[in-house]
Amino acid sequence: MDLYGSKDRFDIFPEELSGRGDRSLGDTRRDSALSSKKVQRPQEVGYDLEKEVAELAKMYGLDEDREKDLEFLGGHLEKVESRRPPARTEKAASEGSIYNTSKSSSSVKDPSQSTKQQGLPDEASQGENQSKARADDEAESNIWSTGGLSSGGMSDEWNSQAVSEEEEEEEEEEDAADVFCSTCKIPIRAFDKLFGEHKDHEVAQLPSAVESEKEEIHKNMCKLEEQIAQMENVASHLEEIFITVEENFGRQEENFEVHYNDAVQVLAQKYEEQLEALGEEKRQKLEALYEQLVNCGKHLDTCKELTDETQELFLENDKAEFMKAAVTMVDRLEEFLKKEVDLELSTLPDFEERVIDVSEVEQLMNSINAIPAPCAPMINPQAPNAATGTSLRVCWGLFSDDTVECYQLCYKPVSNERHSDEQAEHTLKVKETYCTITDLLPNTQYEFWVSALNASGISPPSERAVYVTAPSPPTIKNKKIRSCENAALVCWESRDINPVDSYTVELSKLIDEENDDIITESIVGIPNCEVLIHLQPTQKYHVRVRAQNLGGSSERSEPVLIHTTGTSFYLNEDTAHPLLAILDDGFTISCDELENPECDLPVYDNSFTRCIAILGSLIPFPGKHYWEVEVEEDTEYRTGVAFENTPRHGHLGANNSSWCMRHIITPSRHKYEFLHSGMTPDIRITIPPRRIGILLDYENCRLSFFNADLAQHLYTFNSHFQHYVHPCFALETPGILRIHTGITTPPWTQK
Amino acid sequence: MALKQVSSNKCFEGFQKVFEHDSAELKCKMKFGIYLPPKAETGKCPVLYWLSGLTCTEQNFITKAGFQQAAAEHGLIVVAPDTSPRGCNIEGEDESWDFGTGAGFYVDATEDPWKTNYRMYSYVKDELPKLINANFPTDPERMSVFGHSMGGHGALILALKNPGKYKSVSAFAPICNPIQCQWGKKALGGYLGPDASKWEAYDATQLVKSYSGSRLDILIDQGKDDQFLSAGQLLPDNFIAACTERKIPVVFRLQQGYDHSYFFIASFINDHIKHHAKYLNA
């Protein structure tokens, strides 16, 4: 896969490293390499060592100075090298990967060089290589002076990096430099700093210089790795495009082949036809000319014959004979000359004007690029959530590779009525294989079909697909919400005529009074327009509803706020006695007169007829429910709970389906009764309550009445309620009752 | 103020005990019953004082009322003292059942020979709570009082004469207006002397008329078939009327068919314990 010998590098570095690691154990090869002061290029390690040694010895023979450096090597090399291997390993690995993608000219140079060395191990090439290596040394030295190990001086190119590395190694091995001259950007011996040319230069300890350099290199490596990843991405993308191009062109080639073959065949046929027609014409013309020629010859013969006879006549000496013959001859001549000689050409030598009909070919040629009219597209069935209340996203596809310029999408609402044709049919031209149609009616079925068009024509229409728009958002019945500390009963109405599949209720628990609309809970698949939601006490919730059908879900309804601080119910107007009025706040009931003089008030099926009463609609939920009733001291009333079906013609508390507290004013005192089945205990209360607290506790089977102002317990019915009950209120004298709901159950009501 | 345990019986995970001690107020040995609910083992509990009626000792209530279960549930210590000093060798103390022994009437006597020993009002109000608070895991700030008949009278006057001292008060068939009834006239006359105006300080109905303390929530149960009701010994209507006028909240329940006995008390003891628990555990 890699043309540039990265494999060499991969293999070489570990080998070299192990060599270094084993050095203390007396690796002879390594020792010899060191002692010979080899300029060790990584690529060359695999190469014959003996030759290398010889070569290097030769090299060093030319460089006297380096001989001296050898002495320093022993002391420093070990230390320096022991630090190097980890960095080198990492470097080697990343270099290998760089080679896979990076194809810079500089990187090409080294491997080719190494290949050459290995391939042609003769002296000439050795010499060449050697000189080349030296040239490289010089070049690298230049880089040292500019890039080298100085921080930030590292070139972005791999080449200089790699070269620097090599150079660095080389330098270390030769010089055993222990400090780094920042001015000259080269490692030097400390000795030089003291006495040499670097005397006045700024220096750094070599280890720290190495560390900073490594860091810098590492940074660049990271950059390179990023680039590699990027390039790999690009490469894989290009590969995809490559495949696509191949496929597309292959298809086009086939297409061309088919169409040009057709065209060639048609042309050949035309040629045959033309040739035949031409031959026929030629034959006919020749025949006509021949005939004319023959006639001409005949005529000529006759002429010659007549001439001969005439000349013979002139030779006749006998006058009489001559005259006799002459008369006949003259007649014959006259007769002959009378005959018209047809000298005109019976046929023209030129071709008949032939119209060569190439229209068919033209069409064929055209059709090479304008492929035949497409096949009928295939319309997709409705995808989930591809609809809103007023829009639909319709998708379709093609069976074949037909070329399509655009599609013609038609739709109309599905109607059960017979005059469906009257329904407006809409047509749209669409470029894509999908279309979002807007301005539709919610929760309505639409029929869609689509045809494909190109220059050659229009396809047959697809099958018809029925899509349905999402429903309209429902409307929560705000005034019909019932709730308690642990639950809420929410109901709503659909705004659509057509039924929807289900509803989803979304709950948002409001935290910290903020209008926090994060959905904390969803209840899906609700078939009816009503749901009982379990909630946590003393919280605030926003409740929203969505309607759902095949097409998707509607927008959310307007939110309703539910406080789970206490029990909230509403008054069921259907049950109200005709003389009982509910004031605007919805929770104050009043009665102005006990008898209606006209006595013809409307009475509903469900309303109380005798007792001027009304039922509340309490949430059907176990647990505790508390509410309060504010009363006037001089008003007679009954209040408590009753089953939903408590008799409408009786008095509350007079039957076994209602439990209530009754206030009666006697001439001597306020009398209080706690009625169930018409029975009451004998209880005297010294302070007439103004605000009655009522605690319904299903779990403990009790219904308690309190003087809420005093937190005074008045009476408790102990009854196991077989069904859910509803609050009930009745007025027995003109007056008003104010009902308070949503109150936290006071602690003093607990048992 | 050394306590001597007379008996101890485990009851509803707590203990019903009887102690004896030398009373400084009454100058005699006195016994009292105390119920320690299970909660008393781990923490301080409110104390509910029960005052028994005529002829009773500390035993009647603890053996007949069946209050222990409710007291255990609500975590109340219930203390039931005796109804009078005993063994004081006062002449005439044992002559009748409605005066002297077993009929202390929860007053501090001012007349000889009763004034030395018959100081049940002070005993119940001061000495006994001090003793209880010193020896049991109580919350001295939270105490209530209730009683039956003469004890009902005692509970009402203790609450009305000491506004704020008791968190709540209730009574079973209390003697509501002793200055108007035979029992009261005899006892009050005997202990306090013939001056009827002095009696008013121990009359619940009279005390209500001048009560202006913290809010009281009074619960009274009365058997409708109580012979002492019809005999005019109890006179709850007078008390109700006074409370209505003074706007003292009372729930008075006239219980159909019940008499004056501990069977009546046992029937409604839970309601009373709950009534007190509401205020003591608030």
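**Around B:His260**

Leaving aside neighbours within four places in sequence, B:His260 contacts B:His148, B:Ser149, B:Ala173, B:Asp226, B:Gln227, B:Phe228 and B:Leu234. The model is predicted. B:His260 sits in the loop between strand S9 and helix H10 (262-280) of chain B. Its relative accessibility is 10%, so B:His260 counts as buried.

One of these contacts is polar: the side chains of B:His260 and B:Ser149 are joined at 2.9 Å. B:Ser149 lies in the loop between strand S6 (138-148) and helix H4 of chain B. B:Ser149 is buried too, because its relative accessibility is 3%. Beyond four places in sequence, B:Ser149 touches B:Gly53, B:Phe172, B:Ala173, B:Pro174, B:Ile175, B:Trp183 and B:His260.

An unreviewed UniProt entry annotates B:Ser149, B:Asp226 and B:His260 as "active site". They span 112 residues in sequence, but no two of their C-alpha atoms are more than 10.8 Å apart, so they gather at one spot.

Now turn to helix H9 of chain B, residues 236-246. Its buried residues are B:Pro236, B:Phe239, B:Ile240, B:Ala242 and B:Cys243. They fall within an arc of 165° seen down the axis, so they line one face of H9(B). The cover over them includes strand S29 (682-685) of chain A. From chain B, it includes helices H4 (150-161), H7 (204-209) and H8 (227-230), and strands S8 (218-223) and S9 (250-255). After H9(B) comes B:Lys247, with a positive phi near 55°.

Last, the cysteines. There are zero disulfides over all chains. For A:Cys296, the nearest cysteine sulfur belongs to A:Cys303, 9.4 Å away. A:Cys296 counts as partly exposed because its relative accessibility is 40%. B:Cys11, at 18%, counts as buried.

Note on methods. Residues are numbered from 1 along each chain as its sequence is written. Chains are lettered from A and ligands numbered from 1 in the order in which they are written. This is a predicted model: local features need pLDDT of at least 70, side-chain atom pairs count only at pLDDT 80 or more; totals for chains, interfaces and linings use all residues. Side-chain values use heavy atoms; hydrogens and water are left out. A disulfide is a pair of cysteine sulfur atoms within 2.5 Å. Buried means under 20% relative accessible area, exposed over 50%, partly exposed in between (1.4 Å probe, protein chains only). Helices (H or I, at least four residues) and strands (E, at least two) are DSSP runs, numbered from the N terminus. The arc is that of the directions from the helix axis to the C-beta atoms. Contact means heavy atoms within 4.5 Å. UniProt positions are given in the numbering used here, feature names are shortened, and annotations may be inferred rather than shown by experiment. A polar contact is a pair of N or O atoms within 3.5 Å; within protein, one must be able to donate a hydrogen and the other to accept it, and residues adjacent in sequence count only if both atoms are side-chain atoms.
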